[in-house]
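Me: I have a model open and would like to learn how to read its features one by one. Could we go through it together?

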Amino acid sequence: MMLIGGRSFSGHEKNVLYLNANGAGSPRFADISAVSGWNVDDDGRAVCATDYDFDGDVDFFTVNRTSPQVRLLRNDTPPDGSFLALKLVGKTCNRDAIGARVDVHLAGAPPLTRSLRAGEGFLGQSGKWLGIGLGPDPRIERLVVRWPGGAAEEIAGAAPGGHWRVEQ
C-alpha cells in the first residue's frame, strides 16, 4: 500500500556523502553531503561511479525510486592531471577482464591497487574504466596488470593524465 500511495519504506532520508579524512585529524570520515550537493531527498536505490565526462575525476549516477529516477552528480573539481584511467580488454580471459587487478607503483610510495569488478550493488553497475588518483607526485615507476587466470603483465609507457586501453 505504501508504494501505491507514493510513499517510501525508508522515510525519505537524504543522501549522504562522506570524505575519508584519514590522516587529517579527527573524525576519520567527514560528512560533506551539504557542500557537495548530495543531500537531496531522492529516495535513492543505487549509486554508480564513472568518469562521465572523461576529465579524470569520478562522477556519480544515482538511481532513485522517486523522480528524478536517474540523477547525474558531476564532479567539477578542476583537473590537475594526476590520474590514470585504464580500460582493460581480455584476450585469453573474459573480454571485459572482470577480476583483473592493477598495481600502480609510484616513486617513493606504496603501490596503488584497483580491481575490475562487475555487479557492485542493487540496480547499479559502475563503469569499466579503472580510475586511479595518483596524488601530488604522480611519477609512475611501473604498472602491473594481473589478468584473470593469474598471468601478470608489466605495462611500459603509462603516463599520468591519460586514458589508456590495455589489451592482454
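Reply: Gladly, and let us begin with a pair of strands. Strand 6 (residues 83-89) pairs with strand 9 in the antiparallel sense, over five bridges. Within that pairing, Lys 87 stands opposite Trp 129 of strand 9. Two strands count as paired if DSSP finds at least two bridges between them. Strands (E, at least two residues) and helices (H or I, at least four) are DSSP runs, numbered from the N terminus. This is a predicted model, where local features need pLDDT of at least 70 and side-chain atom pairs count only at pLDDT 80 or more, while totals for chains, interfaces and linings use all residues. Residues are numbered from 1 along each chain as its sequence is written, and side-chain values use heavy atoms, with hydrogens and water left out.

Me: Which elements does the protein chain contain, and in what order do they run?

Reply: The protein chain has one helix and twelve strands. From the N terminus on, the elements run β-β-α-β-β-β-β-β-β-β-β-β-β.

Me: What is the strand order in the open sheet of three strands, and which strands stand at the edges?

Reply: Strands of a sheet pair through backbone hydrogen bonds, either parallel or antiparallel. Here the open sheet has the order 9-6-12, with mixed pairing. Strand 9 (129-133) and strand 12 (162-167) are the edges; each has a single partner strand, so one side of each is left without a neighbour in the sheet. From one strand to the next, the twist averages 25° (axes are lines fitted to C-alpha atoms, for helices over the stretch in contact, and angles run from 0 to 180 degrees between N-to-C directions).

Me: How do I read the largest nonpolar core, and which residues touch the most other members?

Reply: In soluble globular proteins, nonpolar side chains tend to be buried together. A nonpolar core is a set of buried Ala, Val, Leu, Ile, Met, Phe, Trp, Tyr and Cys residues joined through side-chain atoms within 4.5 Å. Buried means under 20% relative accessible area, exposed over 50%, and partly exposed in between, with a 1.4 Å probe and protein chains only. The largest core has 20 residues, and those touching the most other members are Leu 84, Leu 86, Leu 88, Val 102, Val 104, Leu 143 and Trp 147. Strand 6, strand 7, strand 9 and strand 10 (140-146) each give two or more residues to this core.

Me: What surrounds Lys 128?

Reply: Lys 128 lies in the loop between strand 8 and strand 9. Leaving out residues up to four places away in sequence, Lys 128 touches Leu 86, Lys 87, Asp 96 and Leu 116 (contact means heavy atoms within 4.5 Å).
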